[in-house]
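Here is a short report on a protein structure. Keep the coordinates open while reading.

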Number of protein chains: 2
Amino acid sequence: MKDQVHSAARRARIAAATLAATKRVDKDAALHAMADALVDRTASILAANALDVETATAAGTGENVIDRLRLDADRVAAFAQGIRDVAALPDPVGEIVRGSTLPNGLRMQQVRVPMGVIGMIYEGRPNVTADAAAICLKAGSAVLLRGSSSAARSNAAIIDIMRDAVAVTGLPADVIQQISADDRSSSTHLMQARGLVDLVIPRGGAGLIQAVVEQSTVPVIETGIGNCHVYVDADADLDMALAIVMNAKTQRTSVCNAAESLLVHKAVADAFVPRVVRALQDAGVTVHGDPAFCDADADVVAATDDDYATEYLSLDISARVVESIDEAIAHVRTFSSGHTEAIVTSSLAAAQRFTAGVDSAAVMVNASTRFTDGAELGFGAEIGISTQKLHARGPMGLAEMTTTTYVVTGDGHVR
Amino acid sequence: MKDQVHSAARRARIAAATLAATKRVDKDAALHAMADALVDRTASILAANALDVETATAAGTGENVIDRLRLDADRVAAFAQGIRDVAALPDPVGEIVRGSTLPNGLRMQQVRVPMGVIGMIYEGRPNVTADAAAICLKAGSAVLLRGSSSAARSNAAIIDIMRDAVAVTGLPADVIQQISADDRSSSTHLMQARGLVDLVIPRGGAGLIQAVVEQSTVPVIETGIGNCHVYVDADADLDMALAIVMNAKTQRTSVCNAAESLLVHKAVADAFVPRVVRALQDAGVTVHGDPAFCDADADVVAATDDDYATEYLSLDISARVVESIDEAIAHVRTFSSGHTEAIVTSSLAAAQRFTAGVDSAAVMVNASTRFTDGAELGFGAEIGISTQKLHARGPMGLAEMTTTTYVVTGDGHVR
């Protein structure tokens with residue numbers, strides 16, 4: 001299996017060198033060919049997907065997981081549209097990030113260049129297969145796609161179609177390759193192919209991400225665990241606070257930018273806690289609260305530190321009344337995964353204090369945590385949301401899939 | 001030892017939170033206090049250093065290593081000046097990297113914020129102690145300094161003085177801490193203190209860097225191995241080429257941006273090879289060449305692939321005649337450590353081809369490899385030269401020691 005992964009990575013490096021020198025117009029043509037081919041050959045994708053769904057059903061997989069696995073013609077059409085959207089974005093490669101002429105006359109430019117070979121290790125959803133292939137190709141890098149075994153046939157169908165389309169436009173098909181999920185070890189070999197793979201991005205649950213972070217010798221960008229907080233300040237507009245809490249918790253529960261924890265300043269606790277508990281419960285949410293929340297409503301479940309540390313991804317929320325904004329900040333610093341926090345306040349000082357005090361990829365002031373998203377922030381495409389501080393933090397678009405080179409031009413300069 | 005490292009990291013986190021909220025004027029005051037104190041207390045640094053030198057000498061350490069370890073009043077004054085130079089640089093924290101108002105009225109800003117806690121694992125030179133402390137402090141991060149045991153007393157003296165000076169200005173002394181080098185395991189605990197340490201930067205030889213890259217669970221920026229090439233193209237001005245080769249190889253041999261390998265296009269081989277071999281040999285350089293170089297001069301030693309892969313850091317150079325610029329690029333892609341390559345050419349097409357074809361942190365066109373340096377490129381300070389693609393590539397200054405946060409402001413925005 002190691003040989004198989006390494007030889008795929010070597011083919012990817014060769015293909016990446018060609019791709020790095022490919023003009024935008026030719027990359028966009030390949031992307032459009034990929035999108036068209038996915039639509040044209042939808043039937044074969046759905047046939048492969050039906051086998052994956054059948055196997056998962058027979059294995060007693062939960063309905064929500066099967067929901068994410070199951071494809072239909074609309075979903076395939078959405079993949080294709082996503083790829084066309086990537087084609088429409090500017091090419092990040094060649095952007096001059098900074099440049100100047102130095103005192104000695106040397107001309108220095110920092111230029112965006114492709115990363116090289118990117119490994120994706122991900123679970124479940126086959127849409128990641130199409131998205132990642134499109135984003136990496138546009139950013140000039142080859143991609144090695146190691147999806148989960150449960151989606152292996154769907155992924156294989158999607159990847160075969162994309163490879164064929166790329167090849168027809170004259171680019172090397174090996175810019176997109178599937179790494180077999182037959183054997184668990186393939187992901188280990190991928191994340192340890194140092195020197196062959198430039199970057200590994202895990203997307204999936206906490207267990208997957210932890211394993212990649214601990215075992216990888218290739219540089220990793222950690223993504224996606226979101227234990228996001230909404231803090232309702234003493235100076236909050238309580239109607240606004242209610243709307244933001246409800247949206248952040250209930251608009252979509254299975255995503256990393258959904259709220260998982262509610263902090264309420266004691267000054268507004270009497271007015272806000274009963275109201276928000278009732279609204280949450282009416283929406284089917286179980287509130288796991290501190291004593292102040294438990295006192296407010298008999299159906300609130302007593303929260304433990306485990307609750308405060310949990311990314312529920314379900315109709316559950318932990319909740320606590322805090323003495324001060326500093327206690328709210330301290331709570332967030334203790335329990336947050338560093339994804340997104342929101343403050344609801346009319347006070348400029350409170351907004352500034354909270355923004356500076358928490359240490360997360362994104363801070364929302366009077367807005368829902370759900371806005372931490374590449375599309376919402378105008379990046380056009382997103383390969384994941386980084387919760388680490390190195391390289392990229394927050395939603396990652398095309399630019400985050402590149403690196404830079406310094407090009408320094410002289411006329412015989414020596415030191 | 002693990003407890004000791006973790007408790008230092010916890011103290012660093014607390015100190016870092018204070019430092020993150022500290023204004024530039026107060027950070028600069030602390031830096032000036034550090035610089036003044038190092039000069040005032042030079043005698044105690046030199047006394048500690050004398051003990052380190054004595055121990056190293058007794059252990060039979062090589063003279064070049066002892067040279068790097070040995071301090072005098074001028075070197076200490078240079079540390080102090082380096083710190084004052086950092087104080088004079090703009091504060092990277094708070095810089096707005098991008099910002100816009102989204103179609104729905106949300107105002108989005110990407111703001112530079114401190115990294116948090118940075119671990120430095122380094123060998124030999126005590127100047128890294130002062131440089132790293134100053135750069136991290138200015139960038140708003142606490143630093144954990146794990147130097148080599150051979151410099152432990154010198155480092156302890158420097159760190160004690162800097163901590164005292166920082167504390168006098170009212171900042172927490174724990175923004176600068178020494179990690180004991182008494183036990184080898186302390187560096188392992190530092191690089192595995194995930195969640196407590198945000199970034200580890202190794203500086204030293206290939207063995208150290210390899211160990212950190214393989215064992216660290218904290219994100220790492222790899223630094224400094226430089227197997228740098230000079231390629232003399234068919235269209236090179238040969239006088240310029242000779243000057244650049246000699247400068248890149250001999251101006252300073254022990255540094256990562258020195259040239260280690262010379263590639264010459266066959267079209268100019270007859271005119272250039274004998275000339276460059278003679279000049280190199282006159283400067284005391286041993287040339288490890290391919291058959292073409294060996295034929296040109298009896299004193300050229302036959303080169304192996306190991307030579308082409310070696311960062312000599314000495315008066316040695318590997319050398320080869322290539323059939324074409326593409327062969328030069330292929331050679332560089334095979335053997336380079338991705339630090340710096342130089343091309344000497346009058347051809348725009350060749351310059352563009354080489355620049356796009358190699359895959360290194362810096363490419364010099366008609367300039368010496370020695371210019372890949374933070375000070376030379378106008379960054380003002382440098383904590384190392386990254387040879388990885390993630391986060392920072394090339395010389396790293398203050399901005400590279402920070403991360404960013406998205407601050408998104410609405411007036412009750414929900415999805």
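The sections below cover sheets, a helix, salt bridges, cysteines and one histidine.

## Basis

The model is predicted. Every value below is computed from it.

## A four-stranded sheet in chain A

Four strands of chain A build an open sheet. Their order is S5-S4-S3-S6, and the pairing is parallel. Strand S5 (176-178) and S6 of chain A stand at the edges. Each has a single partner strand, so one side of each has no neighbour in the sheet. Neighbouring strands are turned by 20° against each other on average, with direction ignored.

Inside the sheet, S3(A) pairs with strand S4 (residues 142-146) of chain A over 5 bridges, in the parallel sense. Within this sheet, Met120(A) faces Leu145(A) of S4(A) as its opposite residue. Helix H1 (residues 2-20) of chain A packs on the sheet. H1 touches S3, S4 and S5 of chain A. The direction of H1 makes about 145° with that of S4(A). As background, strands of a sheet pair through backbone hydrogen bonds, either parallel or antiparallel.

## Helix H9 of chain A

Which residues of helix H9 (residues 206-215) of chain A are buried? They are Leu208(A), Ile209(A), Val212(A) and Val213(A). Seen down the axis of H9(A), these residues fall within an arc of 125°, so they line one face of the helix.

The cover over the buried residues of H9(A) includes strand S3 (117-122), helix H8 (185-191) and strand S6 (199-203) of chain A. Two of these elements, S3 and S6, also belong to the open sheet described above.

## Strand S11 of chain A

Strand S11 (residues 316-322) of chain A is mostly covered. Of its 7 residues, 6 are buried. Strand S8 (residues 259-265) of chain A runs parallel to S11(A), joined by 5 bridges. Here Leu263(A) has Arg320(A) of S11(A) as its bridge partner.

Strand S9 (residues 286-289) of chain A also runs parallel to S11(A), with 4 bridges between them. His288(A) finds its bridge partner in Ser318(A) of S11(A).

## Strand S6 of chain B

Strand S6 (residues 199-203) of chain B is mostly covered too, with 4 of its 5 residues buried. S6(B) pairs with strand S3 (residues 117-122) of chain B. The sense is parallel and the pairing runs over 5 bridges. Pro202(B) in S6(B) is the bridge partner of Ile121(B).

## Salt bridges

How many salt bridges does a search of the whole structure find? The total over all chains is 46. One of the linked groups is a network of Arg13(A), Asp198(A), Asp359(B), Lys389(B) and Arg393(B).

Arg24(B) and Asp28(B) meet at 2.7 Å, N to O. Both lie in helix H2 (residues 24-40) of chain B, 4 residues apart, about one turn of the helix. Arg24(B) has 32% relative accessibility and so counts as partly exposed. Asp28(B) has 12% and so counts as buried. Lys27(B) and Asp91(B) form a salt bridge at 2.9 Å, N to O. This pair links distant parts of the chain, 64 residues apart. Lys27(B) sits in H2 of chain B, while Asp91(B) sits in the loop between helix H5 (73-88) and strand S1 (96-101) of chain B. Both Lys27(B) and Asp91(B) are buried. Arg70(B) is partly exposed at 36% relative accessible area. Asp67(B) is partly exposed at 40%.

## Cysteines

The structure holds 0 disulfides over all chains. The sulfur of Cys256(A) has its closest cysteine sulfur in Cys228(A), 6.9 Å away, which is too far for a bond. In chain B, Cys294(B) is partly exposed, with a relative accessible area of 24%.

## His32 of chain B

His32(B) lies in helix H2 of chain B. Its relative accessible area is 34%, so His32(B) is partly exposed. Leaving out residues up to four places away in sequence, His32(B) touches Arg84(B) and Ala87(B).

Val197(B) is 165 residues from His32(B) in sequence. In space, the two are 27 Å apart, C-alpha to C-alpha.

Conventions: Residues numbered from 1 in each chain as written. Chains lettered and ligands numbered in written order. Predicted model: local features only at pLDDT ≥ 70, side-chain atom pairs only at ≥ 80, totals over all residues. Heavy atoms only, no water. Buried < 20%, exposed > 50% of the residue type's maximum accessible area, 1.4 Å probe, protein only. Helix = DSSP H or I, 4+ residues; strand = E, 2+ residues; numbered from the N terminus. Arc of directions from axis to C-beta. Contact = heavy atoms within 4.5 Å. Pairing = 2+ DSSP bridges. Axes fitted to C-alpha atoms, helices over the stretch in contact; angles between N-to-C directions. Salt bridge = Lys/Arg side-chain N within 4 Å of Asp/Glu carboxyl O. Disulfide = S-S within 2.5 Å.
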